[in-house]
Amino acid sequence: MSILRRLWPPTPGAGPMNITRYHLQNFGSHRDTVYEPGDARLCILTGENGTGKSTLVSEALGYALYRDFRGSVNGPVRNGQTDCAVTIELAFNGARYRAIRRRTTKGAGKSSADLQVQMLDGSWMPVASGDKEVPVEVRALLHMDAATFRTSVSLAQNDLKRFVDATAGDRKEILAAIVVDPRFAPAAELASKRARDLDALSAAYRAQIARLETG
């Protein structure tokens, strides 16, 4: 893992993350779904409720990268099946990565995961392997945890609906909750205090200048 980071150092701000391919196998309502948004800046998926839009673009993404799934441990497995897998490919900081997460309900049940990076010859080199190890590596690579990723990268349909249905006065608070990283709040409060202090200092200087001019 450490060798890989020296080959492809994930420097913050070097470039955007681009999800290039989704492959869902017996995950949720998806039997075998491949979705490749490519380099599109904006993609809109439409369909009836329950067809798996949010499962594809939100739940599968968090599950593969962070083991982030709001349900039971066997919840991702499609009804009537015993195994599921989600593969996510993404481009980040000049490298192409692939995260694979699997779940089987056979026996006592087992989860497994792998994170790989694509070499120049097209082959995939292991970065991390293990149900718990992959989320740790992804967090280090992307410089964000699952909660931050969920609110800043992957916006759930329910959160968007809550925003649309809210009154104008409530939308600011809701938008902050679903988009802004809560860790930024202390910095925002400090910035506001400094702005108030500067305003007060500026007013004091203006008053002093006015007295000098009239005196």
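**View 1. Arginine 101 and its salt bridge to aspartate 131.** Let's start inside: arginine 101 is buried, with a relative accessible area of 1% (buried means under 20% relative accessible area, exposed over 50%, partly exposed in between, using a 1.4 Å probe and protein chains only). Its partner in a salt bridge is aspartate 131, and the closest N and O atoms are 2.4 Å apart (a salt bridge is a side-chain nitrogen of Lys or Arg within 4 Å of a carboxyl oxygen of Asp or Glu). The two belong to distant parts of the chain, 30 residues apart: arginine 101 sits in strand β4, aspartate 131 in the loop between β6 and α3 (helices, H or I with at least four residues, and strands, E with at least two, are DSSP runs numbered from the N terminus).

**A note on the model.** This is a predicted model, where local features need pLDDT of at least 70 and side-chain atom pairs count only at pLDDT 80 or more, while totals for chains, interfaces and linings use all residues. Residues are numbered from 1 along each chain as its sequence is written, and side-chain values use heavy atoms, leaving out hydrogens and water.

**View 2. Arginine 102 and aspartate 114.** Here the two side chains form a salt bridge, 2.9 Å from N to O. Because arginine 102 lies in strand β4 and aspartate 114 in strand β5, the pair ties together parts that are twelve residues apart in sequence. Arginine 102 is partly exposed at 29% relative accessibility, whereas aspartate 114, at 17%, counts as buried.

**View 3. Arginine 21 and glutamate 36.** The structure holds seven salt bridges, and one of them joins the side chains of arginine 21 and glutamate 36 at 2.8 Å, N to O. Arginine 21 is in strand β1 and glutamate 36 in the loop between β2 (30-35) and α2, 15 residues apart. Arginine 21 is partly exposed, at 21% relative accessible area; glutamate 36, at 52%, is exposed.

**View 4. The largest nonpolar core.** This core has 33 residues, and Tyr22, Leu65 and Leu142 are among those with the most contacts inside it (a nonpolar core is a set of buried Ala, Val, Leu, Ile, Met, Phe, Trp, Tyr and Cys residues joined through side-chain atoms within 4.5 Å). Elements supplying at least two residues each include β1 (18-27), β3 (83-92) and α3 (133-142). Helix α2 gives the most, with seven residues.

**View 5. The surroundings of tyrosine 22.** Leaving aside residues up to four places away in sequence, tyrosine 22 touches Thr33, Val34, Tyr35, Pro37, Leu56, Val57, Leu61, Thr87 and Ile88 (contact means heavy atoms within 4.5 Å).
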